Amino acid sequence: MTEFVITRLGHQGDGVADGPFFAPLTLPGETIEATADGTTLRDIRVLTPSENRVKAPCRHFKSCGGCGLQHASDAFLADWKVDVVRQALAAQGIVIDFRPIETSPPQSRRRATISARRTKKGAMAGFHQRASDVIVEIPDCQVLHPDLMPALEIAKDLAMIGASRKGALSVTATLSAEGLDLAVVGGKPLDGPFQAELGLLAQRLGIARLTWDDEVIATLAPPWQAFGAAKVTPPPGAFLQATAHGEAALLRAVREIIGEAPRVVDLFAGCGTFSLPLAEKAEVHAVEGLRAMMKALDQGWRQAKGLKRVTTETRDLFRNPIIASDLRYDAVVIDPPRAGAEAQTIELARSDVPDIAFVSCNPVTFARDAATLIRGDYALEWVQVVDQFRWSSHIEVVGKFSRR
Ligand SMILES: C[S@@+](CC[C@H](N)C(=O)[O-])C[C@H]1O[C@@H](n2cnc3c(N)ncnc32)[C@H](O)[C@@H]1O
């Protein structure tokens, strides 16, 4: 055993000691005793706990890999998340004030991927253990919304009839206005009798929609989401902001940036999380890579009352960004995946768009793209961190860019 001092938290939320050595579930300032296994520290004993260390709110925390940071106080985590973004921006030479962080409450996650497998006695469902394939059951999970919790039992039922002997099912569970929307992969191949069995199960358990691989097995009721005045039924397993609280915080920030802009383009629009609420005041052009999402957005818009015109375009914005001279809008919303929006940002930096609401789930690519915009003479006016992945190392951020 050797003594180590934890100097900081790494981006994955592990404590880091000089070396670097990575020590899960430790905090900066702590002295620990541990054994080095490569760069990972094992058999960790905390000798001097940090004043920021707290008792984990969830009894599953020690074994479940779903949350990595329940051993740290809320205040410490809020500061740490803001600091990760601050440092990513500083690495690009950007120094900026931050608005106060918005953190989603416990038990508010409305979308999660559950693992389920058959056992000798029946089946089990939950999240993976930290850095392992082993599934941990989580009946008292503090992250999932109470209405999403029944998905754990249902995932077991699905595993009983549909998991292979060895593999685990991956069940993406989303809370919709009509109940659970479940998209399953990794199970037995579908044949006629099995499909019928799944259909009966969906009916018996009142699952709003059940999808197996890419096949919709049953839709008891279209599992719609409300985006402003519109009701949208996303394609199975589609992206949705992780909590209703987080979505509302992001939308508030985006609305403020867009202001009264009459014509808006929403890039990486998904199913219309931002486009449809913004269409209460603005004409919106929504652009997104997945055709099924554009179709869902369009249908939602057509059925809604009182919205301005929303047009949709299926387009790969990595390979085929909208060029600067075509960006003739009063404001842009851009919300790319983790890789960021390198090609599209180069075009934005050359454009005349007055205001850009940049939403990102990756501080590093956000900072890279922010630097591109600033080189193109945009000012980064403010940044807000939204923490809809409480107790994890994930970070969501919104920035306001304005043409100088
Ligand atoms: C972080 S999500 C945001 C979706 C939406 N703005 C929302 O808040 O629900 C990113 C979106 O980018 C889309 N996407 C990923 N790669 C893309 C690409 N190369 N071109 C266009 N869209 C892409 C994904 O399908 C996804 O809907």
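Which residue is the bridge partner of Leu267 in E19? The partner is Ile334. The model is predicted: local features need pLDDT of at least 70, side-chain atom pairs count only at pLDDT 80 or more, and totals for chains, interfaces and linings use all residues. Residues are numbered from 1 along each chain as its sequence is written, and side-chain values use heavy atoms, without hydrogens and water.

Leu267 lies in strand E16 (residues 263-267), which runs parallel to strand E19 (residues 331-334). Four bridges join E16 and E19. Strands (E, at least two residues) and helices (H or I, at least four) are DSSP runs, numbered from the N terminus. Two strands pair if DSSP finds at least two bridges between them.

E16 and E19 belong to an open sheet of eight strands. The order is E6-E21-E22-E20-E19-E16-E17-E18, with mixed pairing. Strand E6 (98-103) and strand E18 (310-314) are the edges; each has a single partner strand, so one side of each has no neighbour in the sheet. On average, neighbouring strands of this sheet are turned by 15° against each other, direction ignored. Axes are lines fitted to C-alpha atoms, for helices over the stretch in contact, and angles run from 0 to 180 degrees between N-to-C directions.

Helix H8 (residues 363-375) packs on this sheet. H8 touches strand E20 (355-360), strand E21 (378-387) and strand E22 (396-403); contact means heavy atoms within 4.5 Å. The direction of H8 makes about 165° with that of E20.

H8 also packs with helix H1 (residues 74-90), at an angle of about 40° and with the axes 8 Å apart. Their crossing is right-handed (the near helix is turned clockwise from the far one by less than a right angle). H1 contributes Val84, Val85, Ala88 and Leu89 to the contact. H8 contributes Pro363, Val364, Phe366, Ala367 and Ala370. By class, the contact of H1 with H8 has nine nonpolar, no polar and no charged residues. Ala, Val, Leu, Ile, Met, Phe, Trp, Tyr, Cys and Pro count as nonpolar, Asp, Glu, Lys and Arg as charged, and the others, Gly among them, as polar.

An open sheet of seven strands has the order E9-E8-E7-E10-E11-E12-E13, and its pairing is mixed. Its edge strands, E9 (135-137) and E13 (215-219), each pair on one side only. Neighbouring strands here are turned by 35° on average, direction ignored. Strand E11 (residues 179-185) and strand E12 (residues 209-212) pair in the parallel sense over four bridges. Asp181 stands opposite Arg209 in E12.
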